[in-house]
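Hi there,

Here is the structure I promised to pass on. Please have a look at it, and then read my notes below.

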Amino acid sequence: MLQVNNINVFYGKIHALKDVSLNVNQGEIVALIGANGAGKSTTLKTISGMLRSRTGDITFMDESISHIDPYKLISRGLAHVPEGRRVFLQMTVQENLEMGAYTCKDHTKEGLEDVYNRFPRLLHRKNQIAGTLSGGEQQMLAMGRALMGQPKLLMLDEPSMGLAPILVQFIFDMILELKSAGATILLVEQNAEMALKIADRAYVMESGRIVLSGTGEELANSDAIKKAYLGG
Ligand SMILES: Nc1ncnc2c1ncn2[C@@H]1O[C@H](COP(=O)(O)OP(=O)(O)OP(=O)(O)O)[C@@H](O)[C@H]1O
Ligand SMILES: [Mg+2]
């Protein structure tokens with residue numbers, strides 16, 4: 001479904017991504033793990049067109065998307081929930097969700113029903129201003145808003161960041177549920193242990209490069225990964 005071939009991305013003189021290649025097949029959960037500053041968010045931003053690669057190519061659903069504007073990718077079915085949630089703080093929960101359906105307005109009613117079913121907390125707060133939601137609720141809203149666009153591929157950047165353990169579990173359960181419902185997910189996570197548990201496959205990044213890849217299980221059992229990311 002998604003193929004990233006040899007991309008190199010720079011911030012001025014900083015070479016942030018070095019020959020990064022990865023792929024995501026339909027129906028998979030693929031995790032991208034690695035330390036702070038490894039280049040995980042940069043990879044997602046490049047896939048969603050917010051940053052441009054100097055080399056290589058990115059294809060989504062068999063079409064090159066390397067030169068497509070980010071807003072057009074949403075209507076093609078690629079959704080990106082960025083780090084730090086980024087909901088519209090001054091709008092209500094429901095207004096935020098409605099914004100998520102701007103590429104498929106006819107779907108708004110069913111979309112809202114679906115999102116409120118998955119996240120009952122959002123239903124109870126539908127008229128609340130998003131800026132007054134807790135961190136976990138804002139994460140649910142950011143995911144819900146992405147789902148409103150009926151994405152084929154959902155890219156999540158650290159959905160568990162800063163959440164209490166019970167909410168972390170809820171978010172991971174939700175990701176598994178989305179997979180069962182047919183979604184394809186590219187998941188960036190600091191929480192390597194949980195990410196590898198739910199991932200079909202995973203890639204490990206270090207200093208802008210992919211240094212390891214394998215099934216979630218293989219990586220969870222790899223000594224190098226245990227040492228670096230799983231506390232021994
Ligand atoms: N706008 C920017 N300008 C300059 N350098 C940047 C910019 N954004 C990121 N970088 C650098 O690029 C590298 C990769 O950053 P990136 O945000 O992709 O890391 P990450 O793996 O997502 O880290 P984290 O786990 O902390 O979110 C880092 O060294 C970072 O300092
Ligand atoms: Mg990041």
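**Helix packing**

Helix 3 and helix 6 pack with their axes 6 Å apart, at an angle of about 35°. Helices here are DSSP runs of H or I with at least four residues, strands are runs of E with at least two, and both are numbered from the N terminus. Axes are lines fitted to C-alpha atoms, for helices over the stretch in contact, and angles run from 0 to 180 degrees between N-to-C directions. Val93, Asn96, Leu97 and Gly100 of helix 3 make the contact with Leu141, Gly144, Arg145 and Met148 of helix 6, where contact means heavy atoms within 4.5 Å. These residues divide into four nonpolar, three polar and one charged; Ala, Val, Leu, Ile, Met, Phe, Trp, Tyr, Cys and Pro count as nonpolar, Asp, Glu, Lys and Arg as charged, and the others, Gly among them, as polar.

Before going on, a note on the source: this is a predicted model, in which local features need pLDDT of at least 70 and side-chain atom pairs count only at pLDDT 80 or more, while totals for chains, interfaces and linings use all residues. Residues are numbered from 1 along each chain as its sequence is written, chains are lettered from A and ligands numbered from 1 in the order in which they are written, and side-chain values use heavy atoms, with hydrogens and water left out.

Helix 6 (residues 135-148) also packs with helix 4 (residues 108-118): their axes come within 9 Å and cross at roughly 145°, again in a right-handed crossing. From helix 4, Thr108, Gly111, Leu112, Val115 and Arg118 meet Gly144, Leu147 and Met148 of helix 6.

An open sheet holds six strands in the order 6-7-8-3-9-10, with mixed pairing; two strands pair if DSSP finds at least two bridges between them. Strand 6 (78-81) and strand 10 (209-215) are the edge strands, and the twist averages 15° from one strand to the next. Strand 10 pairs with strand 9 (residues 201-206) in the antiparallel sense, over six bridges, and there leucine 212 stands opposite valine 204. Helix 7 (residues 165-180) packs on this sheet and touches strand 3, strand 7 and strand 8; the direction of helix 7 makes about 160° with that of strand 8.

Elsewhere, strand 1 (residues 2-11) and strand 2 (residues 14-24) are antiparallel partners over seven bridges. Their hairpin has two residues between the strands, and glycine 12 takes a positive phi near 60°. Strand 1 is also joined to strand 4 (residues 57-60) by four antiparallel bridges, with leucine 2 and phenylalanine 60 as bridge partners.

**The largest pocket**

The volume of the largest pocket is about 550 Å³. A pocket is an open set of points on a 1 Å grid over the protein atoms alone, where a 1.4 Å probe fits, with protein on both sides within 12 Å along at least five of seven lines; lining residues have an atom within 4 Å of a point. Grid points are joined across faces, edges and corners, and the volume is the space filled by probe spheres set on the points. Of the 22 lining residues, Ile74, His80, Pro82, Tyr102 and Arg145 lie nearest the centre.

Best wishes

Key: Left-handed = near helix turned anticlockwise from the far one by under 90°.
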